[in-house]
Amino acid sequence: MSFKTKHIFVRVAAVVWALVGVSAYASAQSFDAIDVRDPIAQAQAMQSMIDNPYEGEVELDENGNPIIKEEQADSVKIKEIMPLESYFFDDSVRRRKHFVWVADTYTNHVKMGEVDTLLSEFNVDYPFMVEDVGDANVGILGGVSTPLNYFRRPDGNNFTFTDGYYSYLITPENARHYNNKRPYTIFAYQTAGQKRYAEESLKVMHAQNITPSTGFNLTYNTYHSRGIYNWQRGKVTDFSAGIYHTGKRYSVHAGVVNNTISQRENGGLVEPWHLTDTLYESAAGMPMKMTDALNKANNTGFYAVQAFGVPLVPLTDSVFTMADRTAFYIGHSISYNKWARNYSDTYKGTTYRITDRQGKVVDTRNFYENWYVSPTESNDSLAESLLTNRLFVQLQPYDREGVIGTIDGGIGWDMYQYMQFRLKDYITGYQTTKHNSYYAYADIRGKVSKYLDYHGFMRYNLAGYRAGDVDIDADGNMYLYIKEQPIILSGRFGFRLQEPSHWAQNYFSNHYVWENNFKKQNRTDLEVTLRIPAWGTHIGFMQTLLGNHVYYGADATPSQMAATVSVTGLYLRQDFTFGGLHLNHRVLLQYSTDESVVSVPMVAANLSYFYQFQPVKEVLTVKVGVDAWYNTPYYAQGYNPATMMFYNQREAQVGNYPYVNAYLVAKWKRMRIFVQYQHASENLFENFKASYSLPYYPYNRALLKYGFSWYFDD
C-alpha cells in the first residue's frame, strides 16, 4: 500500500470512527429516573449536568437551574447522567471538557497531561525539536536524533538500537488515555517540498467515552521523509489502542502499541566541503558514503494496569470518589514488549571515493573496517522481548492529597529474552539468551500543605539477572504565593546502580563483534529548579556524577570509564510579553569533565519570537514569528548505522550555526493551520552554509512547509 493510499484510508477511517463514536455514545447512556422532590437527587443531577453538559429533558431557568413545578411533581422526572466516579481526578479536573493522562505501570497513580489543541509550538513539526534546546539529528523527519541536553538523553538500558527514535515512539509508559464529554477526534497533516523529496506526517486520534468513567482511544501517527540527498529516507509509524475504566473502587488501563521504523542509511557526506563547494550544484548529486544500507525495526507490545480499592469507612451512593477516604488498594500490572531489528548492506554499496576539489579521485575507502561473516554483504538480525509482572498494594491513610497521601509497595518479575546469530549459529539458527529478574519497590507521596509536597521511590533487584541493581528517586516542591501567583522551588535527587545493557555486553554482526564483562554503572543526579510562571521564568541547575560509565568510544564500540565523570548544567528560560509580542528564550549551559566520554555543547539555545493577535475576537487567532536554534562548536556524537548507536567521534566539530524557521500559524475555531519557511537561515547567512547538526549529516535544505490540525468534539 502506497503512502498516499494509506493517507486516504486513514482519513476515511477517521470519519468512520467519528460516526460510530457518536452512535455508540448515544446508545451507551443508561439513565435512572430521579424524583424531583428528592433534594439529594436534585443535587446529584445538577452536579452531573455541570460535569456532563449534554442536552437533557429538564426545563431550566435563566440561571441554569431546573424549573420544578409542584403540580407536576409526581409526573416530572429528571434523567440523571452518570457521574464520573474516580479516585484519580479532583473536581477541577472533572469539569474539564477534555483531559488526558498516562497510567503509572508501577503504582496506582496517573500523570496528567495536556490535550493538543493549543497554538504553542504547533509549527514545530519535528518532535525532537520541541523540548528545551532541541536535538542533534540527521536532518530529516523520521530520522534519528539525540538531545543536546545531556540530562534528557535515553538511559540505553534495554533495546538501545532505537534510542535515537525516542521522540517518535509510543510505549506502555507514555501511552495516553483521554476522558471526553463528547467523542473527540484529531486529524492532522503536514507536507513540504516536491513530491520526489517531500516530508510528510499524518496524525489521527479518536477518543470516546462509553460512560463518564470508561473510554477508549485509537492513535495513528506516521512521519516520513523521502530526503533530498542520495539514498536518504526515513519513516516511523506508530499505532496504539487503549481502553480504561476509572471507577470509584476499580480502575484498569490497558492497551496495545506498535512501532515500525524504516531508515535508508547513507552514512553522511563523503567530505563536509561538498556542501559548500560549487563542484556540486544540487543536493542529489553530492556523494554519500553508502548507497544501499537499510535499517528496519518493528515493535509490538501490550500492557494492563488494574487496581481494586477497599474502603475502610462506609461509602454512600452520593460519594463519587474514595480519594478522601481511608482505604487500601490491591493492584496488578503486566506488560509485554518485543523489538526485532534487521540491518543490511553490501560491500559495493558501502565503498566510496575520496576526491579533491577538482573532482580527481585520490582514494577509495569502505565505510566499515571489518566484514566478519560475509565479505560481500550484510544481513544482521536480532530481537529482544521483555515480559513484566508486578503485584502492588497501596495504602491511603486518609486523603490522597494528605500529609501521607499514599504508600505503595510491590514486587515484580521481569523475564528477558535476547535473540541473535553467532558465527556458529548460521547452521543452527538463532541463539536465545533468557534471564529472570526479581525485585521489590516502594513509593510514598503526600502534600504537607498547599506550600509543600513530596514524592519518593525506591526499587531494589533481589535476585536473578541484574541482582543488586538499585534505583532511588526523590523530589519535592515548595510553593510561595504572592497575590495568589505561585513561585515554585523544586528539588530532585536520584541514584541508580545498574547492570549495563545486554547489547553493550554481547553483540555479534558482520561489522562489529564484542563480548564484555562490564561492572555495574552508577549515576547520581541532583536537580534544583525555580519557576515563576507569572514572570515566564524557569531556572534549573543540574549535576550528574557517573561512575563506571559505559559509553561508545571513537571506534564506535562500547567501553567503560573507570574514573568518575561529572556533567553540570544550568538551564535558563525567560519569556517576555509586551501586548501581543512574545520573546521566549531557552538557554542551556553545560560542562563535562571528560569530553571524550560525555560530549556536550557549552551553550545551546532556542529562541522563539512571535506576535500573536485576534483579527476576529474569540474566533480567529494568528501567530507570526521565527524560531531559532543554536549551539557552540563541539565534537558532536557520531552516528553508526550498523549499530544504530551514537558514539563519541573526535574527527569533526559542528555548531556555530543558527537554524531558523519563519512561520505563520492560525487557529480558527477548531482548526489550526501553519505555513512555514523551514531552514530560512540557509539563504540568510552566507558565511554559515556548513550547516550540520551531526558530523557529515547536513540539515535539510530550505523549503516551504504547510499543514493543519482539525479536531472534532461533537
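Modeller: Here is a quick tour, from the whole chain down to single pairs.
Modeller: This is a predicted model, where local features need pLDDT of at least 70, side-chain atom pairs count only at pLDDT 80 or more, and totals for chains, interfaces and linings use all residues. Residues are numbered from 1 along each chain as its sequence is written, and side-chain values use heavy atoms, with hydrogens and water left out.

Biologist: What does the secondary structure of the protein chain come to?
Modeller: Five helices and 39 strands. These are DSSP runs, numbered from the N terminus: helices are H or I with at least four residues, strands are E with at least two.

Biologist: How much of the chain counts as buried?
Modeller: 52% of the 714 residues. Buried means under 20% relative accessible area, exposed over 50%, and partly exposed in between (1.4 Å probe, protein chains only).

Biologist: Where does threonine 105 lie?
Modeller: In the loop between strand S3 (98-103) and strand S4 (110-113).

Biologist: Is threonine 105 buried or exposed?
Modeller: Threonine 105 counts as buried, because its relative accessibility is 8%. Leaving out residues up to four places away in sequence, threonine 105 touches Pro172, Glu173, Val305, Ser333 and Arg390. Contact here means heavy atoms within 4.5 Å.

Biologist: New topic. How many aromatic pairs are there?
Modeller: The count comes to 43. Rings of Phe, Tyr and Trp (its six-membered ring) pair if their centres lie within 6.5 Å; planes under 30 degrees apart are stacked, over 60 edge-to-face, the rest tilted.

Biologist: Why is the pair of tyrosine 639 and phenylalanine 646 tilted?
Modeller: Because their planes are at 50 degrees; the ring centres are 5.6 Å apart. Tyrosine 639 is buried at 5% relative accessible area, and phenylalanine 646 is buried at 12%.

Biologist: And salt bridges, how many does the structure hold?
Modeller: It holds 21. The rule is a side-chain nitrogen of Lys or Arg within 4 Å of a carboxyl oxygen of Asp or Glu.

Biologist: Which residue forms a salt bridge with aspartate 471?
Modeller: Arginine 496, with the closest N and O atoms 3.7 Å apart. That pair links distant parts of the chain, 25 residues apart: aspartate 471 is in strand S21 (residues 470-482), arginine 496 in strand S22 (residues 485-498).

Biologist: What about arginine 492?
Modeller: Arginine 492 meets aspartate 473 in a salt bridge, 2.8 Å from N to O. Arginine 492 lies in strand S22 and aspartate 473 in strand S21, so the pair ties together parts 19 residues apart in sequence.
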